Amino acid sequence: MAKKCIFCGEEIPAFNGKKLDCGGYTETVCADCFEKYHNLYGVELAQKILATGRAKNHIGIRDYLNERIKAEQETLEREKKKEEEFNNSHPETGKCPKCGGSMRQYGPITFKLGEETFLFSDLNRLMSGSMAVRLERCKECGYTEFYTPNENELL
Ligand SMILES: [Zn+2]
Ligand SMILES: [Zn+2]
């Protein structure tokens with residue numbers, strides 16, 4: 001009996017079947033559908049395959065899909081937690097004058113002053129050693145303001 005393409009349901013002519021791998025399970029599709037779907041992978045492909053109702057590895061692919069969704073949710077939660085930790089340690093100080101994004105505080109950061117510090121090249125002539133600066137940086141556009149809390153370091 002000729003195999004049928006799981007996507008379009010058409011009978012696949014002998015030796016024209018293509019194998020599509022989804023989460024380690026192989027399904028047989030026609031050449032046209034292979035062209036259409038072989039660039040999909042992961043969740044997208046698994047959803048497409050399950051939607052056909054014709055997958056011979058339906059249960060396995062469904063489990064694979066659930067695992068992938070769970071893994072993606074865990075990644076999202078991890079990223080959210082990281083973002084929260086970042087926000088807690090970098091309090092918002094106001095709005096960015098360039099784009100209106102949220103400015104966040106960094107530092108104090110100690111800059112080593114030397115020939116390699118292009119940022120303070122004019123000051124380098126006046127200073128040696130290091131200088132403590134506090135930064136406020138826009139999280140959206142990267143606009144940064146410098147604060148130099150210790151005037152002594154500039155004198
Ligand atoms: Zn097909
Ligand atoms: Zn900005």
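What percentage of the 155 residues of the protein count as buried? The figure is 14%, where buried takes 20 or more other C-beta atoms within 10 Å of a residue's own, exposed takes 12 or fewer, partly exposed is in between, and C-beta atoms are placed from the backbone.

Before you click on, keep in mind that this is a predicted model: local features need pLDDT of at least 70, side-chain atom pairs count only at pLDDT 80 or more, and totals for chains, interfaces and linings use all residues. Residues are numbered from 1 along each chain as its sequence is written, while chains are lettered from A and ligands numbered from 1 in the order in which they are written.

Switch to cartoon view. You'll find 4 helices and 6 strands, in the order β-β-α-α-α-β-β-α-β-β along the sequence; these are DSSP runs (helices H or I, at least four residues; strands E, at least two), numbered from the N terminus.

Now select Phe-15, in the segment before β1 (18–22). Its phi is positive, near 65°, and the residue is exposed, with 5 other C-beta atoms within 10 Å.

Next, jump to strand β4 (residues 102–112), where Pro-108 lies. For context, most residues other than glycine have a negative phi, and most peptide bonds are trans.

Last stop: β5 (residues 130–138) and β6 (residues 144–147), antiparallel and joined by 4 bridges (strands pair if DSSP finds at least two bridges between them). Leu-135 sits opposite Phe-146 in β6. The two strands make a hairpin with 5 residues between them, and Gly-142 in the turn has a positive phi of about 85°.
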